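The following note sets out points for a colleague who is examining this model. Please read the points alongside the coordinates.

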Amino acid sequence: MSRDSNYDHHISIFSPQGRLYQMEYAFKAASSASGLTGISVRGKNSCCVVTQKKVPDRLMDPKSISHIFSITPKIGCLATGMIADCKAQIQRARYEAADFKFKYGYNIPVHIFSIT
């Protein structure tokens with residue numbers, strides 16, 4: 001066991017070498033989260049969304065994995081990264097869209113949705 005093992009329990013404790021291990025762990029997790037690329041292109045009357053599809057486990061059904069989500073009937077979202085984080089952000093976006101519709105009586109326009 002290394003002598004630095006007690007310095008990775010708290011985010012505010014530096015090791016003798018001046019390292020914050022918790023921050024290094026967070027950066028490593030964020031950089032290696034999914035490694036997926038997503039591209040979207042908007043045209044005058046259309047759009048195209050493309051992403052990679054990697055199945056992390058052989059036991060998972062490939063049809064159940066998607067990084068393209070529906071927010072409203074006319075607004076969609078492409079989210080790459082850790083799937084739990086993506087789903088939390090999608091849930092928040094759906095909440096914002098539903099809240100707008102409840103307050104104003106019509107679906108949220110895209111230009112308003114993009115700044116909320």
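1. Proline 109 lies in the loop that joins α2 and α3; helices (H or I, at least four residues) and strands (E, at least two) are DSSP runs, numbered from the N terminus. Proline 109 is partly exposed, with a relative accessible area of 24%; buried means under 20% relative accessible area, exposed over 50%, and partly exposed in between (1.4 Å probe, protein chains only). Between proline 109 and isoleucine 75 the C-alpha to C-alpha distance is 8.9 Å, at a sequence separation of 34 residues.

2. As to provenance, this is a predicted model, in which local features need pLDDT of at least 70 and side-chain atom pairs count only at pLDDT 80 or more, whereas totals for chains, interfaces and linings use all residues. Residues are numbered from 1 along each chain as its sequence is written, and side-chain values use heavy atoms, with hydrogens and water left out.

3. The chain has three helices and four strands, in the order α-β-β-β-β-α-α from the N terminus. Of its 116 residues, 18% are buried.

4. Helix α2 (residues 83–104) consists of 22 residues and spans 32 Å from its first C-alpha to its last, close to the expected 32 Å; the expected span is 1.5 Å times one less than the number of residues. Glycine 105 follows α2 and has a positive phi, near 85 degrees.

5. Which residues of α2 are buried? They are Cys86, Ile90, Ala93, Ala97 and Phe100. These residues lie on the same side of α2 because they cover an arc of only 85 degrees around the axis, the arc being that of the directions from the helix axis to the C-beta atoms. The buried residues of α2 pack against β3 (68–72), β4 (75–78) and α3 (110–113), where contact means heavy atoms within 4.5 Å. On the other side of α2, the exposed residues are Ala84, Gln91, Arg92, Tyr95, Phe102 and Lys103.

6. The largest pocket has a volume of about 450 Å³. A pocket is an open set of points on a 1 Å grid over the protein atoms alone, where a 1.4 Å probe fits, with protein on both sides within 12 Å along at least five of seven lines; lining residues have an atom within 4 Å of a point. Among its 17 lining residues, Cys47, Val49, Ile75, Gly76 and Cys77 are the closest to the centre of the largest pocket.

7. Strand β4 supplies the largest share of the lining of the largest pocket, four residues.

Conventions: Points joined across faces, edges and corners; volume = space filled by probe spheres on them.
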